[in-house]
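Some labels used for side chains rest on cut-offs. The questions below ask how each label is reached.

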Amino acid sequence: MKTIGSLLITGYMGSDGYTPQTSRGEYLRILPHRKENVSSFHAGKKSGLHYSYSPERFRELSYVLQKEPGRDFTVLDLADLHFSDYGYRVLFSLETESVARMLVSYAKPDLIILSGDMICSDCSYFSLRRIADLMDSFGIPWAPFPGNHDREGNCDTEFICDTLSSSKLCLLRGCDADTGEVSGSIFIKEGGKTVEALVLLDSYKGRFGASQQALLEKISLEAAKDGAEVSVWAHEPIPDFQYAYDRSFSGGRALPGEGAFGEKHEEICCERDGGGSPVDRGFFEKAASLGNVKHFFASHDHNNDFSVTSGGMRMTYCLKAGHCSGFYKGFNGASVIKIGSSGIRSIEHRAVRFPGTKTLEIW
């Protein structure tokens with residue numbers, strides 16, 4: 001038996017994870033909390049962080065993980081979990097937990113990234129606890145950052161950060177006291193040398209503006225000292241996903257010689273103005289000017305998994321792990337990114353419902 005919050009889960013089956021078996025009465029334990037949650041707002045403590053990028057503050061905001069020589073460093077991206085506290089979404093949350101366990105068992109990652117929309121809908125207090133418990137159970141460092149749904153419940157950004165960062169393995173410092181952004185960086189090192197620098201951005205709050213471009217530049221310059229590449233991770237895509245897709249695909253098929261793969265089954269949901277045109281804040285141009293920013297990973301659009309290149313940067317949609325809020329056959333799973341001694345070596349989309357695998361070898 002396993003208890004997560006106030007929900008009792010029984011039944012484990014299969015070598016690749018577990019299947020929760022509960023009665024309707026057990027689900028209903030969650031429902032009475034809804035009124036209490038909606039009427040009470042959970043506020044966290046201001047972190048006092050400021051992305052000023054002085055040498056001292058830069059070290060405080062960055063994490064370092066060690067890569068074992070001769071072995072790939074594996075990142076598992078779990079996107080769009082969409083945990084919720086009540087109603088039919090609880091059932092999907094249970095399924096998503098099982099999916100997450102299967103994927104961790106399969107990938108055996110060195111780092112798990114929760115790339116936004118960890119929670120959704122009116123209530124979120126109990127879902128945050130469940131996510132922290134789930135991640136802790138893996139015994140693996142994990143790095144979360146918010147998407148567009150994480151703040152819509154009854155917990156503010158500070159409370160979200162306080163709750164998740166209470167885990168010893170959570171790579172999250174808190175949100176910036178001035179901007180409200182939740183951003184940070186992780187340096188993957190081998191033998192004291194950086195092989196990949198990860199920039200984690202709060203796309204919903206920062207919108208890829210000046211402060212996030214400044215963070216990107218600082219990390220890029222630091223990584224360049226070791227000749228390392230940089231990868232950007234955010235929930236929402238930048239408009240250049242649309243521009244690159246239009247150049248690299250025709251009739252839904254990747255054009256030869258473009259280095260593109262994957263599929264698109266819904267509109268690319270980048271920031272758009274009132275007329276529906278993409279809002280370009282210059283993030284791509286900034287990244288291109290730095291020279292070593294080679295990857296941009298996004299999620300948000302549940303039914304897209306394509307990967308395209310433009311201006312020397314590969315832009316990739318990661319698969320979503322949660323079943324709720326949109327479903328397309330073969331698009332429920334996660335993405336596995338392998339990092340070698342010279343940076344990202346491969347990208348794999350691993351579906352768990354209607355199983356399928358799409359793999360791109362970078363080098």
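Q: Why is tyrosine 125 called partly exposed?
A: In this predicted model, tyrosine 125 has a relative accessible area of 22%. Buried means under 20% and exposed over 50%, so tyrosine 125 falls in between and is partly exposed.

Q: What makes the pair of tyrosine 125 and phenylalanine 126 edge-to-face?
A: The ring centres of tyrosine 125 and phenylalanine 126 are 5.1 Å apart, and the planes stand at 90°. Centres within 6.5 Å make a pair, and planes over 60 degrees apart count as edge-to-face; therefore this pair is edge-to-face.

Q: What makes the pair of tyrosine 245 and phenylalanine 249 stacked?
A: The distance is 4.4 Å centre to centre, with 15° between the planes. Planes under 30 degrees apart count as stacked, so the label holds for this pair.

Q: How do you know that tyrosine 245 is buried?
A: Its relative accessible area is 10%, and buried means under 20%. Phenylalanine 249 has 7% and is buried as well.

Q: Which cluster do ring pairs link tyrosine 245 into?
A: The cluster includes Phe208, Phe241, Tyr245, Phe249 and Phe296.

Q: What makes arginine 350 a charge over the ring of tyrosine 106?
A: Arginine 350 lies over the face of tyrosine 106, at 4.0 Å from the ring centre.

Q: Which residues have the most contacts inside the largest nonpolar core?
A: They are Ile238, Phe241, Phe296 and Met315, in a core of 36 residues. Helix 8 gives the largest share, four residues.

Definitions and conventions
Residues numbered from 1 in each chain as written. Predicted model: local features only at pLDDT ≥ 70, side-chain atom pairs only at ≥ 80, totals over all residues. Heavy atoms only, no water. Core = buried A, V, L, I, M, F, W, Y, C linked by side-chain atoms within 4.5 Å. Buried < 20%, exposed > 50% of the residue type's maximum accessible area, 1.4 Å probe, protein only. Helix = DSSP H or I, 4+ residues; strand = E, 2+ residues; numbered from the N terminus. Phe/Tyr/Trp six-rings, centres within 6.5 Å; stacked < 30°, edge-to-face > 60°. Lys NZ or Arg CZ within 6 Å of the ring centre and 35° of its normal.
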